[in-house]
Amino acid sequence: MAIQASSTEPLAEARIEVYAPERSLLVASLLSMSGGFLDAFTWLSLGVFASSQTGNVVFLGLYALSGEWQRALHHLLPLAAFVLGAAVAIRTRAALRCLVGEIVCLTAAMLLLHRVPDQIVILGISFGIALQSASFRQVGRWKYLSVTVTGNMLRAIDQFVATSDRDAACGAGAMLTLCLMFLLGAAAGGCVTRWLGTWSLALPIASSACVLWICRRRSHSH
């Protein structure tokens with residue numbers, strides 16, 4: 001019996017991996033596209049990056065060094081909110097609840113933008129994005145980030161250069177796909193924000209809602 005139980009464990013793990021909807025390339029692509037879209041939207045609308053915090057760190061350093069503390073604080077706010085949101089997501093370990101939290105934050109931001117101080121909207125958007133990005137960090141068996149390109153690009157290069165088997169090629173292809181989806185989201189965000197303004201946030205909200213539906217539907221079906 002012990003031998004039989006141990007022999008079924010790999011099968012169970014494989015089944016979990018196959019049917020885990022939050023690890024699918026479709027889900028990762030939708031979230032990466034949303035990350036690029038939101039960066040373009042917040043840069044054009046609010047002058048900060050909501051998801052890619054590297055840009056905020058650069059501007060924070062530049063403005064702080066030149067003594068422009070008001071501008072420096074403008075870029076410190078999304079950083080602080082992102083750290084807080086990521087900490088909450090890692091602490092709770094409830095991916096779908098965190099995704100709902102992101103949808104709530106983005107919806108509130110869409111309804112309140114230009115009706116309340118921009119700093120409040122920045123905090124809400126960055127906090128919501130952090131909830132999502134810290135909860136969804138794996139596609140298949142590979143780690144990724146839906147809010148940046150650099151890390152995913154390096155992972156793709158590592159897969160191509162370090163190994164040459166079929167599994168590595170699949171991992172590299174997945175990482176490159178996510179980089180392209182982020183680029184597509186940023187391009188779409190730039191265009192749509194100029195057309196629709198505040199209501200552009202309806203698109204990443206719909207994208208997150210679609211991910212939530214996919215995860216819940218597939219989880220219930222299996």
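This is a predicted model: local features need pLDDT of at least 70, side-chain atom pairs count only at pLDDT 80 or more; totals for chains, interfaces and linings use all residues.
Start by selecting Q132, which is buried, with a relative accessible area of 1%.

**Stop 1: Q132 and its surroundings.** Q132 belongs to helix α6. Show its side chain together with that of S146: a polar contact of 2.7 Å joins the two. Leaving out residues up to four places away in sequence, Q132 is in contact with L31, L99, E102 and S146. Q132 counts as buried because its 1% relative accessible area falls under 20%.

**Stop 2: the largest pocket.** Next, display the pocket surface. The largest pocket holds about 410 Å³ of space. To centre the view, select A95, A134, S135, F136 and R137, which are the closest to the pocket centre among its 15 lining residues. Colour the helices α4 (69–92), α5 (95–112) and α6 (118–135); each of them supplies at least two residues of the lining. What is the make-up of the lining by residue class? It divides into 8 nonpolar, 2 polar and 5 charged residues.

Stop 3: Select A87, in helix α4. With a relative accessibility of 43%, A87 is partly exposed, because this value lies between the 20% and 50% cut-offs. Then draw a C-alpha to C-alpha distance from A87 to F127: the two are 10.0 Å apart in space and 40 residues apart in sequence.

**Stop 4: two loop residues with positive phi.** Go to the loop between α4 and α5, where R93 is found. R93 is not a glycine, yet its phi is positive, near 55°. Is R93 buried or exposed? At a relative accessible area of 73%, R93 is exposed.

Move on to the loop between α5 and α6 and select H114. H114 also has a positive phi, about 70°, without being a glycine. Its relative accessible area is 55%, so H114 counts as exposed, the cut-off being over 50%.

**Stop 5: the cysteines.** Finally, select C105 and C179. C105 is buried, at a relative accessible area of 17%. C179 is buried as well, at 10%.

Key: Residues are numbered from 1 along each chain as its sequence is written. Side-chain values use heavy atoms; hydrogens and water are left out. Buried means under 20% relative accessible area, exposed over 50%, partly exposed in between (1.4 Å probe, protein chains only). On a 1 Å grid over the protein atoms alone, a cavity is a set of points where a 1.4 Å probe fits but cannot get out, and a pocket is an open set with protein on both sides within 12 Å along at least five of seven lines; lining residues have an atom within 4 Å of a point. Grid points are joined across faces, edges and corners, and a volume is the space filled by probe spheres set on the points. Helices (H or I, at least four residues) and strands (E, at least two) are DSSP runs, numbered from the N terminus. Ala, Val, Leu, Ile, Met, Phe, Trp, Tyr, Cys and Pro count as nonpolar, Asp, Glu, Lys and Arg as charged, and the others, Gly among them, as polar. A polar contact is a pair of N or O atoms within 3.5 Å; within protein, one must be able to donate a hydrogen and the other to accept it, and residues adjacent in sequence count only if both atoms are side-chain atoms. Contact means heavy atoms within 4.5 Å.
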